[in-house]
Amino acid sequence: QVQLVESGGGLVQAGDSLRLSCAASGRSFSRYVMAWFRQAPGKEREFVGRVSWPGGSPYYADSVKGRFTIPTNNAKNTVYLQMNSLEPGGTAVYYCAAGGVSANCNVNSYDYWGQGIQVAVSS
């Protein structure tokens, strides 16, 4: 079993930056995929980006490419979502997720989820 604990989030202004953290524990496999999703009010859960653990191979949704990155800290078993140039459309609950090596942009391909963190972007 894997547990994911998110931290960070809050209210920021458009153009600001924010970093979310996702600490993983209790992993039962050595190779897996970590990803971030977000869900705005009334919308479906949307893929944001993913990385392989370990090994990298980052992949980002077109909507955030060039603005968001997913740094990792192997020693802390933690992944981050670094969000730059935030837009009002980024207002959502953000979730980290973990899945097997074949996990991709499909929300159903992930086995474990963080509790969700609210990010609000004002203009």
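**Notebook: aromatic and charged side chains**

I looked up Phe37 and found it buried, because its relative accessibility is 0% (buried means under 20% relative accessible area, exposed over 50% and partly exposed in between, with a 1.4 Å probe and protein chains only). I note that the model is predicted, so that local features need pLDDT of at least 70 and side-chain atom pairs count only at pLDDT 80 or more, while totals for chains, interfaces and linings use all residues. Residues are numbered from 1 along each chain as its sequence is written, and side-chain values use heavy atoms, with hydrogens and water left out.

**Aromatic rings**

I then turned to ring pairs, taking rings of Phe, Tyr and Trp (its six-membered ring) as paired if their centres lie within 6.5 Å, with planes under 30 degrees apart stacked, over 60 edge-to-face and the rest tilted. I recorded seven aromatic pairs by this rule. The pair of Phe37 and Phe47 is edge-to-face, because the ring planes stand at 75° with the centres 5.6 Å apart. This pair links distant parts of the chain, 10 residues apart: Phe37 lies in strand β4 (residues 32–39) and Phe47 in strand β5 (residues 46–53). Strands here are DSSP runs (E, at least two residues), as helices are (H or I, at least four), numbered from the N terminus.

I found one aromatic cluster formed by Phe37, Phe47, Tyr59, Tyr95, Tyr110 and Trp113. I next checked Arg45 against two of these rings, where a charge sits over a ring if NZ of Lys or CZ of Arg is within 6 Å of the ring centre and within 35 degrees of the ring normal. The charged end of Arg45 sits over the ring of Tyr95, 3.7 Å from its centre. The charged end of Arg45 also sits over the ring of Trp113, 4.9 Å from its centre.

**Salt bridges**

I counted three salt bridges, each a side-chain nitrogen of Lys or Arg within 4 Å of a carboxyl oxygen of Asp or Glu.

- Glu46 and Arg38 meet at 3.0 Å, N to O; Glu46 is partly exposed at 32% relative accessibility, whereas Arg38 is buried at 7%.
- Lys65 bridges to Asp62, with the closest N and O atoms 3.1 Å apart; Lys65 is partly exposed at 49% and Asp62 is exposed at 66%.
- Glu87 bridges to Arg67, with the closest N and O atoms 4.0 Å apart. This pair links distant parts of the chain, 20 residues apart: Glu87 is in the loop between β9 (78–83) and β10 (92–99), and Arg67 in the loop between β6 (56–60) and β7 (68–69). Glu87 is partly exposed at 42%, whereas Arg67 is buried at 16%.
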